[in-house]
Amino acid sequence: MESMVLSCFAVTLPACPRMHFHLWSRRSALVLRPSSCTSATIANSPHPFAPEVIEAVDSLYSEFRVVDNLTARNIQRVTKAFQNARVGSHHFGGSTGYGHDDGGGRETLDNIFAEIVGAESAIVRSQFFSGTHAIACALFAFLRPGDELLAVAGTPYDTLHEVIGIRECSSTGSLSDFGVVYREIPLAEDGGLDWDALSVAITPKTKCALIQRSCGYSWRRGLSIFEIQRAIEAIKSQKSDCLVLVDNCYGEFAETSEPTMVGADLIAGSLIKNPGGTIAPCGGYVAGKRRWVEAAAARLSAPGLGVDFGSTPGHVMRTLFQGLFLAPHMVGEAIKGGMLIAKVFSSKGYKVQPLPCGPRHDTVQAVQLGSRERLIAFCEAVQRSSPIGSFVKPTAGFTPGYASEVIFADGTFIDGSTSELSCDGPLREPFSVFCQGGTHWTQWALVLGEVLKVI
């Protein structure tokens, strides 16, 4: 028998400067034993969080556990969809040109997404360059001249105004240009849906009802799946063939089901928000009834081309798969970050939406700051605390698609990725900041310390 040689040597781990371990090696077996770092050493080291943040974290642990359970259930259904599709590394190969020979990745990703959201079909493409683009394709799939579009959750998000024709800058082909009539139901006084108005709102000309799941730049909470289901039932009871489109941005994986599971004909959103898991570099999706998904695909490409065209480079295809797998976890962390922001700022007397321990149906946390100066200062502090572009000073200005000045803080690896640490807000009363994303709740915990110094 070979002789056994044991060696012992000290290793210093960078995570704790005074933590030493004896590393015993027996062939390939390694064992770490703590040597000189005590719990007192850790306890006496400076805490990375501001006192207000520490207090908020301590009060939120039970809520964080609830979010962890949500995350686990969503990871379970995502994993099952991947397994059912028999995903293999050959699906990450990508394609060029027309995109005919993609190794089955494009179709497989579509099928996985459709199963996850409970839809007949889905189109998940890098060629969608924003959530607005995906929603626009869905709207143009539904609507024809003389039809009526009804927004049931108040005025839609700013970037849809020119798509619909609410705000016209030029005749660039809005729905209004094509003869589509627009109407909206204002929100109720409590910021929710006006159920009484909705119960009698559908007319024979109403072809499509648009439900915005998240708050956008409105001072309201996101809509729950239960509320979306109730709204769909109210719409369909008045006109069974009225089509329902849900703007699903910021809502994916915030609950254990999606609007397509409760009757929505189509949902649409962006991959650089929730379902991209912080690593998808671009893209969006439309999912729902097969007929209408194919019609939306024809708007993205051209009639006759549909879902069978479109190349995606291999390095992008892999991140779309991997980002979708990671998405439930990243959404859970963003929800925890939102809770923390709400807890800290409500303790300082600011109005927050939603409340720290209130129900959450999207990843957006709004704080009413009350002044232009505080809104700018908040965004500047977030930018300084970001891993990317920390040296950049965000400046309020006019951005395509927005009616008023907007300031953005997004020190993100993916340009404009609101699934990463980001916040923004329009420079108008009541000067609210809208916070999204975060790869881990501790990212917001650290940032809040910097924000508190200037607010």
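I take a salt bridge as a side-chain nitrogen of Lys or Arg within 4 Å of a carboxyl oxygen of Asp or Glu. The two residues are 270 apart in the chain: Arg-428 sits in the loop between β14 (422-426) and β15 (432-436), and Asp-158 in the loop between β5 and α5 (161-164). Helices (H or I, at least four residues) and strands (E, at least two) are DSSP runs, numbered from the N terminus.

The model is predicted; local features need pLDDT of at least 70, side-chain atom pairs count only at pLDDT 80 or more, and totals for chains, interfaces and linings use all residues. Residues are numbered from 1 along each chain as its sequence is written, and side-chain values use heavy atoms, with hydrogens and water left out.

I then checked accessibility, where buried means under 20% relative accessible area, exposed over 50%, and partly exposed in between (1.4 Å probe, protein chains only). Asp-158 is buried at 5%, while Arg-428 is partly exposed at 30%.

Next I looked up Glu-148, which pairs with Arg-183 in a salt bridge, the closest N and O atoms lying 2.8 Å apart. Glu-148 belongs to strand β5 (residues 148-151) and Arg-183 to strand β6 (residues 181-184), so this pair ties together parts 35 residues apart in sequence. I noted Glu-148 as buried at 9% and Arg-183 as partly exposed at 27%.

My last entry is the total: the structure holds 16 salt bridges.
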